[in-house]
Amino acid sequence: MLRRLPRGSARSPLPPPAARSAVTAVPLAHAEMGVRGTRPPLVLLHGLFGSHGNFQTVAKALVRRVGGQVLTMDARNHGSSPHSPLMTYEAMSVDVQHLLAHLGIHKCILVGHSMGGKTAMVLALQRPDLVERLISVDIGPTSTALISEFPAYISAMKSVNIPAGLSRSAARQLADSQLSSTVQDPQLRQFLLTNLVEVEGRYIWRVNLDAISHHFADIMSFPVFHKPYPGPVLFLGGSNSPYISSKDYPEIQRLFPKADVQFIEGAGHIVHQDKFEDFITAVLNFLPPP
């Protein structure tokens with residue numbers, strides 16, 4: 001069951017004021033699986049235009065195979081989490097810190113894909129005391145200039161016009177047709193269409209397209225940090241994806257001196273979907289002993 005944090009609620013103190021002085025946390029919708037054990041909980045963070053559901057199968061597999069607690073959540077402006085005009089990695093990090101404090105979690109293991117990987121890295125660099133170790137899935141701590149077509153996709157999504165009264169399947173077919181001239185990859189269109197929802201008889205996008213568009217440069221970049229994160233880090237890329245390359249290695253080494261970089265053969269950007277079993281094996285091998 002997906003839960004949303006009540007605003008301002010907490011079971012334990014919020015992050016230090018310095019960590020949240022510039023932004024106000026939004027209460028993230030989240031789901032908890034398993035039972036908290038001796039190993040810190042695993043926290044899974046999805047990518048741009050995704051939701052907590054992207055990691056549900058991974059979460060179930062991890063709970064089944066190694067036990068413990070696994071959390072999935074919707075980032076601000078995504079899924080069932082609240083909308084906010086602010087969409088920076090500092091803000092998304094503070095949101096996760098707020099949720100961890102609410103749940104009484106003082107140490108966690110982060111697994112983040114793409115945008116979620118950058119959020120995980122920022123959180124580890126801001127609050128290393130909260131992060132036992134982290135896995136960044138197919139993204140490095142550098143600017144990402146590879147998906148410059150996304151602003152056109154956002155414009156196409158904004159221009160979708162669905163008349164009221166259509167069935168969900170008919171609405172998705174119509175939206176798919178309207179997107180097809182700009183978003184030519186059918187698999188990517190289907191992924192974007194997971195965000196089309198019906199509210200009071202009208203079809204709308206549950207992602208905050210205005211905030212994402214306004215902060216697109218922030219989402220593609222990575223904040224400046226000077227102090228490295230001292231814990232173990234795994235950068236887990238897809239061999240068929242260009243998102244982690246050798247040009248990223250100096251910055252990875254500077255900010256994450258204990259990092260290991262691995263590639264899963266045959267996987268593209270969505271590593272956990274393309275090579276599920278190999279992904280799960282890599283995560284399990286990186287976890288601390290029970």
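A: Let us begin with contact, which means heavy atoms within 4.5 Å. By that rule, Phe 191 touches Leu 48, Phe 49, Gly 50 and Asn 54, not counting residues up to four places away in sequence. This is a predicted model, where local features need pLDDT of at least 70 and side-chain atom pairs count only at pLDDT 80 or more, while totals for chains, interfaces and linings use all residues. Residues are numbered from 1 along each chain as its sequence is written, and side-chain values use heavy atoms, with hydrogens and water left out.

Q: Where is the place of Phe 191?

A: Phe 191 sits in helix 7. Helices (H or I, at least four residues) and strands (E, at least two) are DSSP runs, numbered from the N terminus.

Q: Does Phe 191 count as buried, partly exposed or exposed?

A: The cut-offs first: buried is under 20% relative accessible area, exposed is over 50%, and partly exposed lies in between (1.4 Å probe, protein chains only). Phe 191 has 24% relative accessibility, so it counts as partly exposed.

Q: Which residues of helix 7 are buried, then?

A: Leu 188, Arg 189, Leu 192 and Leu 193 are. Here is the general idea: an α-helix has 3.6 residues a turn, so residues three or four places apart point the same way. The arc is taken from the directions that run from the helix axis to the C-beta atoms. These buried residues pack against helix 5, helix 6, strand 7 and strand 8.

Q: What do the buried residues of helix 5 pack against?

A: Their partners are helix 6, helix 7, strand 8, helix 8 (209–214) and helix 9. The buried residues themselves are Phe 150, Tyr 153, Ile 154, Ala 156 and Met 157. They lie on the same side of helix 5, because their arc around the axis is only 160°.

Q: How many Å should helix 6 span, and what distance separates its end C-alpha atoms?

A: The expected span is 1.5 Å times one less than the number of residues. Helix 6 (residues 168–179) has 12 residues and should therefore span 16 Å; its end C-alpha atoms are 16 Å apart, which agrees. Buried in helix 6 are Ala 171, Ala 175, Asp 176 and Leu 179. An arc of only 135° around the axis puts them on the same side of helix 6. They pack against helix 5 (150–159), helix 7 (186–193), strand 7 (196–199) and strand 8 (202–205).

Q: What is the volume of the largest pocket?

A: About 780 Å³. On a 1 Å grid over the protein atoms alone, a cavity is a set of points where a 1.4 Å probe fits but cannot get out, and a pocket is an open set with protein on both sides within 12 Å along at least five of seven lines; lining residues have an atom within 4 Å of a point. Grid points are joined across faces, edges and corners, and a volume is the space filled by probe spheres set on the points. The largest pocket is lined by 36 residues, and the closest to its centre are His 113, Leu 188, Phe 191, His 269 and Ile 270. Helix 2 (56–66), helix 4, helix 5, helix 7, helix 9 (216–220) and helix 11 (271–274) each supply at least two residues of this lining.

Q: How many cavities of 30 Å³ or more does the rule count?

A: The count is 1. The largest cavity has a volume of about 100 Å³. Among its 13 lining residues, Leu 45, Ala 75, Met 92, Val 96 and Thr 119 lie nearest its centre. Helix 3 (89–102) and helix 4 (115–126) are the elements that give two or more residues to this lining.

Q: Which loop holds Ser 114?

A: Ser 114 lies in the loop between strand 5 (108–113) and helix 4. Its phi is positive, about 55°, although it is not a glycine. Ser 114 counts as buried because its relative accessibility is 13%. Asp 138 also belongs in this look at backbone angles: its phi is near 55°, a positive value in a residue other than glycine. Asp 138 is in the loop between strand 6 (131–137) and helix 5, and at 0% relative accessibility it counts as buried.
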